[in-house]
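This report describes the fold and surface of a single predicted chain.

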Amino acid sequence: RPFTVTVAGLGIFASETPVVYLSVVRTRELSELHAIIWERVLPISTAASPFYAPDSWMPHISIAYADVTRENIPCVMELVAFRTHYWQVKIDNISFIHEPNGEIGEKWFEYKFGK
């Protein structure tokens, strides 16, 4: 069934190509769903990222990535850092996005939750 998550805050995954994201509050329900998906997808995966393993996964919504650099990250943060990032989001589907070799992702599959 559809469920609601809370977006609460802003963060950065630091690296040579940083990712600016909105934090999603990790609940028991969300963690359990993620663990089920991980367990079922892992056996057929060819390159599962350890960042998405159940113990290290951080639910988030990426809002700036790929073109974020040392030079422009201050501009990115100026746009988003001084806004309130807190709201409820209804989750009514899960989509599989294929991103080969860091390319822009393409939706391959969408599963819509029942009522």
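## The four-stranded sheet

In this predicted model, four strands make up an open, antiparallel sheet, ordered β3-β2-β1-β4. Strands are DSSP runs of E with at least two residues, helices are runs of H or I with at least four, and both are numbered from the N terminus. Two strands count as paired if DSSP finds at least two bridges between them. The edges are β3 (60–64) and β4 (86–91), each of which pairs on one side only. Direction ignored, neighbouring strands of the sheet are turned by 40° against each other on average.

Strand β1 (residues 3–13) pairs with β4 over six bridges, in the antiparallel sense. Ala-8 has Tyr-86 of β4 as its bridge partner. Helix α2 (residues 73–80) packs on the sheet and touches β1, β2 (19–24) and β3; contact means heavy atoms within 4.5 Å. The direction of α2 makes about 145° with that of β1, where axes are lines fitted to C-alpha atoms (for helices, over the stretch in contact) and angles between N-to-C directions run from 0 to 180 degrees.

## The chain as a whole

The chain contains two helices and six strands, which follow the pattern β-β-α-β-α-β-β-β along the sequence. Its C-alpha atoms fill a box of roughly 40 × 35 × 25 Å along the principal axes.

Of the 115 residues, 23% count as buried, that is, under 20% relative accessible area; exposed means over 50%, and partly exposed lies in between (1.4 Å probe, protein chains only). Among contacts between residues at least 6 apart in sequence, 54% join residues at least 24 apart.

Trp-108 lies in β6 and counts as exposed because its relative accessibility is 53%.

## Basis of the values

Residues are numbered from 1 along each chain as its sequence is written, and side-chain values use heavy atoms, leaving out hydrogens and water. Because the model is predicted, local features need pLDDT of at least 70 and side-chain atom pairs count only at pLDDT 80 or more, while totals for chains, interfaces and linings use all residues.
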